[in-house]
Amino acid sequence: MSQWIFGYGSLIWRPGFDYLERRRARLRGWQRRFWQGSHDHRGVPERPGRVVTLLETGHGHCDGMAYRVEAETVTRTFESLDHREKNGYARREVTLETVDGSVGAVVYVAPIGNFAYLGPAPLLDMARQIVTSHGPSGANVDYLLALAEALRALDADDAHVFELEAAVREYRW
């Protein structure tokens, strides 16, 4: 049986796995936040970057991309994603809304209290951390800007991401 996987961060523009189809999708009751530390991709242990996780709020929504993976490659795909999302993320089953109806999917969420969790911070503090962080996958600011661009391409509104993007673009500290 094929498996749907929901991407709400870099998986939107760079899934890194083969898929049968992809659809714009919405996860209700969750919101995207730059509250997860990245010690392994967009930062280093002594200077972690900030990447997105999901917060279950019971209101709002998170728009992203759903990918349907064929049954024969599900195990290999999850092995790859488990490695990619090893910095505090865990799999969670959710229901997504798509233009073709609801689908069950797996999403990677970094829960509050995981070893790399940074939590909320003032907007300018988060922007400063993003602008000054770099890791093996590149500059943290590139991740933020690529996410904002990908969300615009989906015609998705995310005040948190776009406020951070504006703060980073005005960075003069």
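Helix axes are lines fitted to C-alpha atoms over the stretch in contact, and angles run from 0 to 180 degrees between N-to-C directions. Helices (H or I, at least four residues) and strands (E, at least two) are DSSP runs, numbered from the N terminus. The structure is a predicted model, in which local features need pLDDT of at least 70 and side-chain atom pairs count only at pLDDT 80 or more, while totals for chains, interfaces and linings use all residues. Residues are numbered from 1 along each chain as its sequence is written, and side-chain values use heavy atoms, with hydrogens and water left out.

The axes of helix 3 (residues 140-153) and helix 4 cross at roughly 130 degrees and come within 10 Å. The two helices are therefore oblique to each other (angles under 35 degrees count as roughly parallel, over 145 as roughly antiparallel, 65 to 115 as roughly perpendicular and the rest as oblique). Helix 3 passes helix 4 in a left-handed crossing (the near helix is turned anticlockwise from the far one by less than a right angle; clockwise is right-handed). In helix 3, V141, L144, L145, L147, A148, L151 and R152 meet V161, F162, L164, E165, V168 and R169 of helix 4, contact meaning heavy atoms within 4.5 Å. This contact has 10 nonpolar, no polar and three charged residues (Ala, Val, Leu, Ile, Met, Phe, Trp, Tyr, Cys and Pro count as nonpolar, Asp, Glu, Lys and Arg as charged, and the others, Gly among them, as polar).

Helix 4 (residues 159-169) also packs with helix 2 (residues 123-132), at an angle of about 65 degrees and with the axes 9 Å apart. Helix 2 and helix 4 are therefore roughly perpendicular to each other, and their crossing is right-handed. L123, L124, M126, A127, I130 and V131 of helix 2 meet H160, E163, L164, A167 and V168 of helix 4. By class, nine residues of the contact are nonpolar, one is polar and one is charged.

Between helix 2 and helix 3 the angle is about 115 degrees, with the axes 5 Å apart. Helix 2 and helix 3 are therefore roughly perpendicular to each other. Q129, I130 and V131 of helix 2 and N140, V141 and L144 of helix 3 make the contact, which divides into four nonpolar, two polar and no charged residues.
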